[in-house]
Amino acid sequence: MFRKTIHIDTHGEGEIVDLTPEVRRAVNESGIAEGLVNVFVTGSTAAVTTIEYEPGVLSDLKRSLSFIAPGDVPYAHDRAWGDGNGRSHVKAAVVGPSVTIPVIGGNLGCGTWQQIVLLELDVRESRHRTIHITVQD
Amino acid sequence: MFRKTIHIDTHGEGEIVDLTPEVRRAVNESGIAEGLVNVFVTGSTAAVTTIEYEPGVLSDLKRSLSFIAPGDVPYAHDRAWGDGNGRSHVKAAVVGPSVTIPVIGGNLGCGTWQQIVLLELDVRESRHRTIHITVQD
Amino acid sequence: MFRKTIHIDTHGEGEIVDLTPEVRRAVNESGIAEGLVNVFVTGSTAAVTTIEYEPGVLSDLKRSLSFIAPGDVPYAHDRAWGDGNGRSHVKAAVVGPSVTIPVIGGNLGCGTWQQIVLLELDVRESRHRTIHITVQD
């Protein structure tokens, strides 16, 4: 098993960060040629998935997440805590905090147009995110 | 590899159970300090994800799942089988049956406000759920 | 670790393929009795999850995915690329590209009515899909 923990500063709701280069680097550093790599974000208002890292698709995804958790309805979480990020929690729980990808011949088993991304869903101006990359053979 | 299977009785649609203490206990029992833990629910009308275990957020999540699979539209599954749980199957397939979390220094790599939860989505009065917790180093 | 890569030809948007027999075969071939199996689809317009493989449920799932990413709204991806598959990318990112299932006594830890499925979400007439099945003990 090989573990690498990285930190990423995000800059507001809807930012989507391409983690693929960092994940690829961790796989290289692990020296593991065949196995799996798990990418996990700590915290309950961010998510990890795969998508084509293309501005149009990313904005389409953000709109669809707002169909699931709209910005213009009241949230019980916000009434209780005043955070204003009830919708962020809901989106994060539906998408999920992690993704697991095959490692094949020392490379990621993703498609050419399939990137590993961090979704910043929180409403705060900036967040310091912790991502654990775990490679297993 | 270490496996622990637990059973949980749920009490109706929308119940959300915090599995974090059970997962933490399994990780402790495994003696594994660095690795991953997978939490998987058997069955097609329940799901596993991470979320802040706070009543407001949990009710917000339930409302959003009903945007995805509303209670007031007819389901082909219900027409065919009369179970009345077509919406349960759909929600479970979208959220997914499992989550994988890093084990770091013998602890869970979740955030402080990030719990591992079982979503009971079935419409039956009660269900006996089987959850497999698998720890790997 | 044991890896098996399979290829499946799909025939249009909304096709759902039951991968369970192929995954079971890979687990048998691996000789691994206790562990986990990860099923991952390469590409950004398909997804993998678990669901009861019953025609009614499958059509209910497709309708719900169209609530998340409707066919009758414009997509920024389509404006930029003219692919017409903006909605496919969004659905795939929300459901996710992989699922991880326990291997117990050489069998899959799924429920009787819980199949492992490939969701073809792309709008093309046919696609050649690559699926990596990774078994670990």
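Mentor: Welcome! In strand β7(A), A:Ile116 is the bridge partner of A:Thr50. This is a predicted model, in which local features need pLDDT of at least 70 and side-chain atom pairs count only at pLDDT 80 or more, while totals for chains, interfaces and linings use all residues. Residues are numbered from 1 along each chain as its sequence is written, with chains lettered from A and ligands numbered from 1 in the order in which they are written.

Trainee: How many bridges pair β4 of chain A with β7(A)?

Mentor: Helices (H or I, at least four residues) and strands (E, at least two) are DSSP runs, numbered from the N terminus, and two strands pair if DSSP finds at least two bridges between them. Strand β2 (residues 16–18) of chain A is joined to β7(A) by 3 bridges and runs antiparallel to it, with A:Ile16 opposite A:Leu119. For β4 (residues 46–51) of chain A, the pairing with β7(A) is also antiparallel, and the number of bridges is 6.

Trainee: Which residues of β7(A) point the other way from A:Gln115, A:Val117 and A:Leu119?

Mentor: A residue is buried if 20 or more other C-beta atoms (placed from the backbone) lie within 10 Å of its own, exposed if 12 or fewer, and partly exposed in between. In β7 (residues 115–120) of chain A, 6 of 6 residues are buried. In a regular strand, side chains alternate between the two faces of the sheet. Here, pointing the other way, are A:Ile116, A:Leu118 and A:Glu120.

Trainee: Why do the buried residues of α2(C) lie on the same side of the helix?

Mentor: The buried residues are C:Val57, C:Leu58, C:Asp60, C:Leu61, C:Ser64, C:Leu65 and C:Ile68. The arc is that of the directions from the helix axis to the C-beta atoms. They share one side of α2(C) because they cover an arc of only 160 degrees.

Trainee: How far apart are the end C-alpha atoms of α2(C)?

Mentor: The expected span of a helix is 1.5 Å times one less than its number of residues. With 14 residues, α2(C) should span 20 Å. The end C-alpha atoms agree with that, being apart by 20 Å.

Trainee: Which element gives the most to the side of chain B that touches chain A?

Mentor: Two residues are in contact if their C-beta atoms, placed from the backbone, lie within 7 Å. The contact takes 30 residues from chain B and 28 from chain A. On the chain B side, β3 (35–41), β4 (46–51), α2 (55–68), α4 (86–95) and β5 (98–104) each supply at least two residues. The element that gives the most, with 8 residues, is α2(B).

Trainee: Which residue of chain C is in contact with B:Ala69?

Mentor: B:Ala69 sits in the loop between α2 and α3 (76–81) of chain B. It is buried, because 23 other C-beta atoms lie within 10 Å. Leaving aside neighbours within four places in sequence, B:Ala69 is in contact with B:Arg87, B:Val90 and B:Lys91, and from chain C with C:Ser64.
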